[in-house]
Structures are given as C-alpha cells and as structure tokens.
Amino acid sequence: MEREVLEAELVLPTHMKFKKIQMYDKYPKGQARGRHWKHLKQIIQAENYENYPPHLPTYVNIETPPSMHPGKKICDITGFEAPYFDPRTKLRYANTEVFKTIRSLPNDYVQRYLALRNAAVVLR
Amino acid sequence: MPFISKIERQSDYGSFNSSHPIVIDNGASYFRIGWAGENEPRVIFRNIVQRPRHKTTGETVTVVGDHNPALLKYFDCTRSGPRSAFESNVVYQFEIMEYILDFGFDRLGADKSQFWSTYDNPVNCLDALSAEAYPSCSPLNQYLFKSVAGQIDHPILITECACNPVQSRGKMAELLFESYGVPSVAFGVDAAFSYKYNQQLGICNDTGLAITSGFTTSHVIPFINGEPVYEACCRTNVGGYHVTDYLKQLLSLKYPHHISKLTWERVEELKMEHCYIAADYASEVQLFQRGNKEAENKTRCWQLPWTPSPVEEPPSEEEIARKAALKEKQSQRLREMAEAKRSSKINELENELKGLEFLLEELKDIEGDDEIVSFLASRGYASKREAESAFAKVTQSLRKAKGEQVPSEEKVDISAAEKYYLIDIPDDELSAEQLKEKRRQVFLKSTTEARQRAKQRRLDEELEKEKEKKLEEQKRMYVVFLLRAKYKELSEKLEQRKRLKTNGNNANGNNNVSGGVGRGERLNAAQRERMRLLTTAAFDRGKGEDTFGQRDEDWQLYKLMSRDNDDDDDDKPDHDETELARISSRLREIDPTFFPGSESGASASEAPHFRPLTKEDFQIILGVERFRCPEVLFNPNFIGIDQSGLDEMVGVSLRRLPSWVQGLEDKMTSSILVTGGSSLYPGMGERLEAGIQMIRPCGTPIKVVRATDPIMDSWRGASVYAAAMQFPQQTFSRMDYYEKGEDWLRSYKFRYTI
C-alpha cells in the first residue's frame, strides 16, 4: 500500500479490536442463510402486514396514496408545459421546435427520456 | 457546501464513562456519530461503502465513506461503485452496515483508546473472560476489562425510519449486540428528534406537523403533545436522491459530450448550489418559455475547463520584417557563396589557361615531330591539335564564367526592309550578282511569309477548338445539373418509400412489444391491404352464410394474404431504382465531383467537424432544470412515481388524524416544521404554505417554519434526548435481547416525551 493511503487510513481493517465477532466469521460464505440479505420487497412480504389490524401503522400502510390532482404534463425535453403528445415516440412536447428535435432523436435517447418518467418500453 | 465530512479519529474515547450513550444518526445519505449531550456529532461521513481492488497488490479492500478522491487513484473502482446499506430508507444490507459501523466506531476512537497499550494481546484475555463476569469486578477493573473484552460498552441510540420493518430492526439489534457487544440499544425516528429539538428551541409547538424530506423518502408526521402519531403519518418515496438523479439524467441527455464530467458528486453540488423551488411551476416555466430578460437572469451557467485551440494569428509587421530580413540574409549568403565559387572557378580556369599558354609557348620552341609528340604525351595530350582545342575550350569557359557574352550565331533581328533590300529594286538596275541575290531574297521572303501564314492558321484553329471545348463544357454542366436534380428527386422519393416501408416493418416487428400491428405507425399500401384482408378473414367468419370457396377466385385471397406476396415485389428492383442507378453511373462518368448518396446533408454533417470548439461548447446551462428537478418533491409523477407531493401529503396526513379532537387540524397547520436535507431549497417554505392553503379551508391559520439546521437537528435532538436522565428506561438491553429475542422488538415503542 502506498504511504499516503496508509496515512489517510483509507482502508478499513478487516478485524477490529472492539468487536466480539466479525460477521464474516459468524456467517461463513455460502453456509448460513444469515448472509443472505432480503431486499425490501422480501422484507415487506415476510412481515405479513396483511395479517395486522388495519389501524396499526406499518411500513406499507403509511405510504401516501396517488395524488388526487391530475398529473402535470410537462415537455420531456424542455420542461415546459406540454399540450402535445407524439404518438410515434410517445414523448410529450411543448412546441414545433421541440417536435423537430424529438423526431430527430435516436431511439435510445427517446427511451431514456421515457425512462425518466418510468414510461419506457421494458423488454422482458 | 452544507455537507462536509468529518472523519478525523477522535482520541478521547477512553475518557467517557461506560454509561455515556453513543448517538448515531443513521441517515440514508450521511452517517453521524457522537456522544450524548454534545452539540455536534464527532464523526460525519457519507453512508456508502466501496470495495475496490488495490491496483498494485490486487487485494480487495473496503473503503467506507467519502475520502479524498485523489487517493482513489491507487484503486481500481471500475468493478464496484459505491454501495449503500439502504433500500429506500430501510437498512437491509447488514454486511455493509457492519463496515459502516466499524468505521464509525473506529473513528470515534474505540479502537485506539488509551487502555490498549496496557494489553498487548487482548484476544487471549477475551477467551478467558465471559462478558457476564463484569459486575463482580471493581469499577476500575471493569473499565479495563471492558477494553480488553473487545466491545463497545456504551448504550447506543440509533435512528431508523418511521415504521421500520421489524426484520430490519431485529437485524440491527443483532449486529449491535452480537458483534459489538453493546449493553443496550434504543431506536428512534430522526424526524421526531428533529421536531423535538426545535420544539425545545421554541420554534414549533408540541402539537404540530413535521414535514421531513430526506435522501430517498419524504415523510409527514403529525405530533400530538410531543408524541408522533404514526397512524396518521405518511410517506412518499421521493427525496434528494431523486432530485439529483433527475438532474443528472437530464443534463447527461442534454450534454452527451460532457457525460464524464457529470459525476454524482458534481451534480449534487450543482443541485445544492443552483436548484430552487418555484412558487408556481407553470408561471415560472412560462417565464422561460418567453425567454425574456428575467429568464436570462435566472439561467445559470457552469463553465467546464476549456483551453482554446491555438488560433493562427496574422503575423505582425515586426514578424514580417524579421522574416524578410532573415530571408534576405540567407539569399545574401547564398549569393556570396555562389560568388566565391565563381571566383574560385575563374581562378582555376585562369591558372589552367596560363598553363596551356605556357605549354603552347613551349611547344613553339620544340622542334621535330617526335619530340613534340613525346613532350605532349608527358603533359597528357595526344597531339598538338588536342592541346589547342583544350586551350580554346578553357578560354571559352573562362569567358562564360566571367559572365561575358559568348559569341554565337544569334539571330540579329534585321528589319525586313533591310533584309530584303533588293526586292523592290527593278531587275534592270541590278548586276548579275545582285540579281542572283535578289532571287534568293525573294525566295526567302516568300517562305518566311508562308511560314507565318501557317502559324497564324494554327493559332486560329486552336482558338476555335478552345471555343468548342467551352461550349461543350457548358453543355455538360447543364446536363450534370439536370441529372443531379433528377437524382436528388429520385433518391428522395426512394428514401421516402423506404421510410414508409421500414415504418411498416417496424410496426410489424414491434408486434410482441407494443401489442398491436402498426399502432401509431403507418403501413404501406400493400401491407394495409394485407391487414384489411386478414382482419376481415378473422372476424367475418360465422356472420351469415359462409360462401367462401364456392368460386375459384376466392382462393386467390390467400395468395394476397401470404407474406411472400409483398416480399416478392420487394426483391426485384423497381423502375425508379434502376433509373436512379443509371443516373448515378452517368453522373459519375461526367461529373468528377459527384458522390452518390452524399448529396444531401453533406454540408450539414461535415460542418461541425471543422468548426473549432468554442467556449460555449463547454458550458452546461441550467435554466428550467433549476426548478424542474426539485419540483419532483411536489409532483412525483414527473419521474413516474404515482404518489402525492409534499403539499398534498399534509392533507392526507390531516385526514388520517383522529377526528374527535376539536380544532386539531388548525393546531397542526399553525405549527409546521420543515426539516431534512431537501428542505434547504430556497422557496420551500413559501411553496409549502401556498400548497397547504390550497387544500385547507379559507382562513385556516398556517405557519410553516424551517428547522434551525435541517441536516443536523435530528442528531442534536437525539443527543439531547440520550443525555436525559430517563434515557436508560427507553433502551432495550442485551439481556432482553437474549431472553426475549428479536421478535420482542415488534412491540418496542419509543417515547419521545420524558
């Protein structure tokens, strides 16, 4: 290791004197299920929130419902208010100049703009 | 820059009593750790872990938090980016959490406390001691043993999200108890600590709302008598992360050339520096759409490092003079050299001439052929004649070298009258001699004249040819022009047709993607006809009497329907295409500047290559983006999240409140605290106030205040809380953990009012 790296103590030591046990030793790789970390979706599923009484606040039921207002439609490129919609690229646009640009955009850019508002075509 | 990491190792770990709690604000973006009762956390760093490979040794190492980026040049970070223990606002990856806690405790000084020097080999002692043996020891011994046993012997107060799933909380307890051996743990919600802290400062009432917008989520939590009411709280999964990500994506789509400059850290800085929340998005955006002075003032520009390409300046007078002088000098030198060479040659030639003269002089004195021959042979000459010719030659070249005119039979231009002086004189005045001369002159004259005439004729012919050529060129140009026009027209036509065809094909190819043939796309005529036939065939069955097949022509339908049919006429090149090929070959023949296919757009596509990059090309302009990105907090549907924004969340939360308390809602809205990193945008309070006014009845008291320090307040609140006398009653001890297990944490309820 280089001197300046050591001086900055950039690298975390593998064993700490103040620890009783290292997780690495506690759950050796591939042996215990302890080192398999459930993702949030799995955690929520495992919690069985649907069995809880409905008035009890849980991670799931405190989520905000969808908005009551109609969503603002903004131009995907400029952010202006977008009265128009291009059926070919499925992008929203504000005026003719933007329309020109979106028609000349390569397809992957169109998809990336769509992905920004979660509207891209996902191939499965 | 509001966020600055503090990662210096603290040295006073040993001076804290073992009952002194450690307070950790475990935020999704920043990790803050410090001692209870203090006003500032001791250590702050970004809550990320990187596991790069060291370049020289090749080992994989763990790097926690944000360090001097210059030091990362020794590591290969291409395989692993920064990783977080969080998903949304819930800790799920406890291996990463462990690294982060390791680093946090290490920098707090747990590893290098002053007692370590006494025990060189603490591991052996650890084996001999059981953790439960402590109470029997004297206080001092206990203190020493604590260090020896290798554990963090301080109660921990750590923050978590509202309504954290028990699984996550249990794992955190397991990690803290089993790996670090902490005696007791308490879990609290960061927003609540922030609200409590500001309440103590008198900024908000004990009943009110906390709007907290963090890194990945935003919460609205109502407080009644200083206790959070989780039944009525609500969460939207939008936070500072989404704002930065949105800005980063938008900028990298807008400036694909500078994508390498748009790192996460840089964009985060841009966001903190320039983003603001518009009082009204629609009117603000209209300002930019009109593009007047006000919008210009609101536009920010980030100039990327740019060095102008060297411009070739016209040389100055001085330069020209200098160059000319240099040239002059050089030519002078050349001339001098030539002069020297000439003079030396002349010298040489003169010497030779003298020698030859002397030789010839001598030769005159010698008599007798034999002697002459032998004398000459001794001087290298075969005969006297040769010597003489050599003499003549040398004289000649000497003259030449000296620049004298070498006499030669040059034509002396004598006027015709002088030349042919005898022609005009009648014959009888001439003598026989003169007559002869005259005849000769006449002959000469006529031949020269004839020669001149021939010359003239040739000249004329050449001129004629030139003219013809010019005409032909004109004609050719005209033809080229016509052909080019035709070529362009034809190629455009073909292009159009191809486009139509590919569109149609695309639509067909997209079948499995978008679900329907040609949705939103045009088909060409043949394909349309085919589609029509197919649909009628598909849906007309069973309607009325089925007479299909009674006539032979019916079966022709299948031929039309089959795909080969329209593929067929795709295969053979049609009339236009052959015509185009013919024209292009003809053009290539007669027009050397013609390149097929490069007709249109050539100038447009080549122009940027030759345009030198200017300062403007290295500018990143932030206009609408400045308020478009933070707007996602109020309109999550901008980034495709179907939830309410901050202002609507207040309404949702108020609706969820128990309805039996009179005037509770008004009480709530008159004490709204905004906290969390995303509340730092200018205009946040005003926008929230306006938004809440819209959803509340007219005349509702609304007061929106920002926390004193939206980022640090939750740690400070927690620190104050942990320092209180009653704090130990709120903790969950290791004994409880071993006896009751993780599941007991489900009913764990933290009280904030003590």
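Mentor: Two strands are said to pair if DSSP finds at least two bridges between them, the strands (E, at least two residues) and helices (H or I, at least four) being DSSP runs numbered from the N terminus. We are reading a predicted model, in which local features need pLDDT of at least 70 and side-chain atom pairs count only at pLDDT 80 or more, while totals for chains, interfaces and linings use all residues. Residues are numbered from 1 along each chain as its sequence is written, and chains are lettered from A and ligands numbered from 1 in the order in which they are written.

Trainee: With which strands does strand 12 of chain B pair, and in what sense?

Mentor: Strand 12 (residues 208-213) pairs in the antiparallel sense with strand 13 (residues 218-224) of chain B over six bridges, and a hairpin of four residues joins these two strands. Strand 12 also runs parallel to strand 18 (residues 672-675) of chain B, to which four bridges join it.

Trainee: Are the faces of strand 12 of chain B covered or open?

Mentor: A residue is buried if 20 or more other C-beta atoms, placed from the backbone, lie within 10 Å of its own, exposed if 12 or fewer do, and partly exposed in between. By that criterion six of the six residues of strand 12 of chain B are buried, with B:Gly208, B:Ala210 and B:Thr212 on one side and B:Leu209, B:Ile211 and B:Ser213 on the other.

Trainee: Which element of chain B lies largely in the open, and why?

Mentor: Helix 11 (residues 369-379) of chain B lies largely in the open, because the number buried among its eleven residues is zero. Just after this helix, B:Gly380 takes a positive phi of about 95°. Another exposed position is B:Arg751, which has 11 other C-beta atoms within 10 Å and is found in the segment after helix 26 (734-740) of chain B. The C-alpha atom of B:Arg751 is separated by 9.0 Å from that of B:Pro228, although the two residues are 523 apart along the chain.

Trainee: Which residues of the largest nonpolar core touch the most other members?

Mentor: In soluble globular proteins, nonpolar side chains tend to be buried together. A nonpolar core is a set of buried Ala, Val, Leu, Ile, Met, Phe, Trp, Tyr and Cys residues joined through C-beta atoms within 7 Å. Here the largest has 137 residues, and B:Val23, B:Ile100, B:Ala162, B:Leu176, B:Val185 and B:Ile211 touch the most other members. Helix 1 (residues 94-108) of chain B provides the largest share of this core, nine residues. Across the whole of chain B, buried residues make up 30% of the 754 residues, and the secondary structure comes to 26 helices and 20 strands.

Trainee: How many residues does each chain give to the contact?

Mentor: Two residues are in contact if their C-beta atoms, placed from the backbone, lie within 7 Å. The contact takes 52 residues from chain A and 69 from chain B. Helix 1 (3-8), helix 3 (40-47) and helix 5 (107-116) of chain A are the elements that give two or more residues to the side touching chain B, and helix 3 of chain A gives the most, with five residues.
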